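Reader: Could you walk me through this model, starting with the overall picture and then moving on to some details?
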Amino acid sequence: MPPRLALSDRADQEERDDRARLRVLDAKLSSLIGRRRELFDELRRRSAEQKELYARTSGPGADAEQLHERHVQLGRHLAELRGARDAARRKVDDAVIHRRELMLTFDRREHDRPELIRREIAQLELRQQTRALPLDEENALVARLRQRARDLKEAEGRASQVEEHGKQRKEADAAVEAARAEVLRVAEEMARAASEREATKVAIRAALEEAGSRIAELRARGRERTEVMRMIDEVSREIAEVEREGRELLSRTRARRAEARQVMRDHAPRKGPPPEDLVASAAEARFAELMRQGKVTLG
């Protein structure tokens, strides 16, 4: 068993201090390594959260792009509908003008239909037969009967013309109504398209707000992840510093022990010749013995 190294009082105190410091450093190193392991777990967790959040962030952005495309399409459709509405309004104006011009070409007397004239004549005749009238009224009544009789004859003579004019009037009225109906239809379609476009605008705003919120959250998570990485770097620097100090302490301890061993070798009492002298003496004795026995001949 090798003898225990003997250190000086000062070196022995330094040895005890270094051992105590090494125990402190060992405990600190274990704590720092555990802390760094926890930070790495936190970093992996936050990275996974970032990936998941990024995957969810692309959804509102894609929705906003699709809604924007729909908004653009509705804008083009509204522009087309405005052109169709203006054209329909021009058709209404043309149809109304055509009907007015057509009515101006008709004789006002065409409004007197034969059946109406016959009814009026019957009423006039009944009045003449049932009432005693003054002479001037009687003459006026007779004159009215004669005039309506001529009107009836003319009305019956132009019956076919009146029928044709009535057909034309109905066609003109139908054209006006059709043009107005087209204006109403286009206006209703424009209202629906404008309503959908406004709803699309609201949906785009909501999608962009959602995407912006998720991007802001993603950036916040990124800043948190960066902070965790900074903490990992800081702990790693502390670990490196503790390891460096530990290596220095171990190096001083080894140097101190090596110095103590050297001192012991230098000052330890010697009980016999060094091993090299013993080997040389044994060789000389063996050589002398061989010479006495005559087994060695010198040339």
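Author: What follows goes from the overall fold to the nonpolar cores and then to a single side chain. Please keep in mind that this is a predicted model.

Reader: OK, how many helices and strands are in the protein chain?
Author: The protein chain has five helices and zero strands, so that, read from the N terminus on, its elements run α-α-α-α-α.

Reader: And how much of the chain is buried?
Author: Of the 299 residues in the protein chain, 21% are buried. The chain exposes about 22,000 Å², and carbon and sulfur atoms supply 53% of that area.

Reader: Which residues make up the largest nonpolar core?
Author: Eleven residues form it, among them Leu25, Leu29, Leu32, Val228, Ile232 and Ile239. Helix H1 (9-105) and helix H4 (159-267) each supply at least two of the core's residues, and H4 gives the most, with six.

Reader: What is Leu29 in contact with, leaving aside its neighbours within four places in sequence?
Author: With those neighbours set aside, Leu29 is in contact with Ile239, Val242 and Glu243. There is also a second, separate core of seven residues, including Ala88, Val92, Val96 and Val176.

Reader: Which side chain does Gln13 join through a polar contact?
Author: The side chain of Gln13 is joined to that of Arg16 by a polar contact of 2.6 Å.

Notes:
Residues numbered from 1 in each chain as written. Predicted model: local features only at pLDDT ≥ 70, side-chain atom pairs only at ≥ 80, totals over all residues. Heavy atoms only, no water. Core = buried A, V, L, I, M, F, W, Y, C linked by side-chain atoms within 4.5 Å. Buried < 20%, exposed > 50% of the residue type's maximum accessible area, 1.4 Å probe, protein only. Helix = DSSP H or I, 4+ residues; strand = E, 2+ residues; numbered from the N terminus. Contact = heavy atoms within 4.5 Å. Polar contact = N/O pair within 3.5 Å; in protein donor to acceptor, adjacent residues only side chain to side chain. Areas by Shrake-Rupley, 256 points an atom, 1.4 Å probe, with all protein chains shown as cover.
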